[in-house]
Amino acid sequence: MIGKIHSIETCGTVDGPGLRYIVFMQGCLLRCQYCHNPDTWKVGEGKEITVDEIINDLQSYMPYFESSGGGITVSGGEPLLHLDFLIELFTKCKELGIHTTIDSSGGCFQEHPEFLRKLDRLLGLTDLVLLDLKHIDPIKHQALTGMKNDHILAFAKLLSSKNMPIWVRHVLVPGISDDENDLRNLRLFIDELTNVERVEVLPYHKLGVYKWKELGLEYALEHVEPPTEDKIVEAKTLLLSRQK
């Protein structure tokens, strides 16, 4: 099985428990205004790699996984664009006893029978999903990402119905995704889910702006600065506490 990847990061520490071997898949349907990897957007591009090549490299890091409770995280881009590849990859990971995580925005989720069949098979091989919820408001979500969020929220509910453990992640962008009412509504949605192990607030940053310029893309958030510590604390208070 050959997949198209953007890159691989070894010994990552922020994309799941413990030390992680992170595979960034190529291709994404969302166009997030703050994306720090716009070079992963185009579907069909990227470096070709086989499952066996990843497994052979991955095995050299297993002592670090075992000592830290880590494993493999497949991110992107959007990993769910590569269901067949992930099924084979995670099948071999589980044979080796490796913890498996998917980092997804759910942007390509669809309720097509074939997609759901493959997704169900993949989730049976997955220990954890990092679910990126960009915005709870559908209109604001479309302005931020180019796509409404009804199918993404449906994906979240599907994961809940299957009792798939998830960590919800929300990027805090001043003036865009930090409105108090929106954060309260996002928390209300999270409260409807039964499978949330953790909620993470990720402060917006500008570390990927240079990639936009290299690709000749206009960075719409040029004027936006990272959130203050007070705003981060406020967002965490709202998102990490169950709403009444």
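Guide: Let's start with a definition: a residue is buried under 20% relative accessible area, exposed over 50% and partly exposed in between (1.4 Å probe, protein chains only). Before we go on, this is a predicted model, where local features need pLDDT of at least 70, side-chain atom pairs count only at pLDDT 80 or more, and totals for chains, interfaces and linings use all residues. Residues are numbered from 1 along each chain as its sequence is written, and side-chain values use heavy atoms, with hydrogens and water left out.

Visitor: Then what makes Thr126 buried or exposed?

Guide: Thr126 has a relative accessible area of 8%, and the limit for buried is under 20%, so Thr126 is buried. You'll find Thr126 in the loop between α4 and β6; helices (H or I, at least four residues) and strands (E, at least two) are DSSP runs numbered from the N terminus.

Visitor: Which residues is Thr126 in contact with, leaving aside neighbours within four places in sequence?

Guide: Contact means heavy atoms within 4.5 Å, and on that rule Thr126 touches Phe90, Thr100, Ile102 and Met164. Thr101 is 25 residues from Thr126 in sequence, yet their C-alpha atoms are 6.0 Å apart.

Visitor: How do you know that Lys94 and Asp127 form a salt bridge?

Guide: The rule asks for a side-chain nitrogen of Lys or Arg within 4 Å of a carboxyl oxygen of Asp or Glu. Here the closest N and O atoms are 2.6 Å apart, so the pair passes. Lys94 sits in helix α3 and Asp127 in the loop between α4 and β6, 33 residues apart. Lys94, at 31%, and Asp127, at 26%, each count as partly exposed.

Visitor: What makes Asp120 and Lys162 a link between parts of the chain?

Guide: Their side chains meet in a salt bridge at 2.7 Å, N to O. Asp120 lies in helix α4 and Lys162 in the loop between α6 and β7, so the pair ties together parts that are 42 residues apart in sequence.

Visitor: How many salt bridges does the rule give?

Guide: The count comes to 16. Another one of them joins Asp84 and Lys118 at 3.1 Å, N to O. That pair links helix α3 (residues 83-95) with helix α4 (residues 113-123), 34 residues apart.

Visitor: Why are β3 and β8 called edge strands?

Guide: Two strands pair if DSSP finds at least two bridges between them. The open sheet of eight strands runs β3-β1-β2-β4-β5-β6-β7-β8, with mixed pairing, and β3 and β8 (196-203) each pair on one side only.

Visitor: How do you know that β1 and β2 pair?

Guide: Five bridges join β1 (residues 2-12) to β2, antiparallel, and at least two are needed, so they pair.

Visitor: Why does Leu29 count as partly exposed?

Guide: Leu29 has 42% relative accessibility, so it falls in the partly exposed class. Leu29 is in the loop between β2 (20-25) and β3 (47-50).
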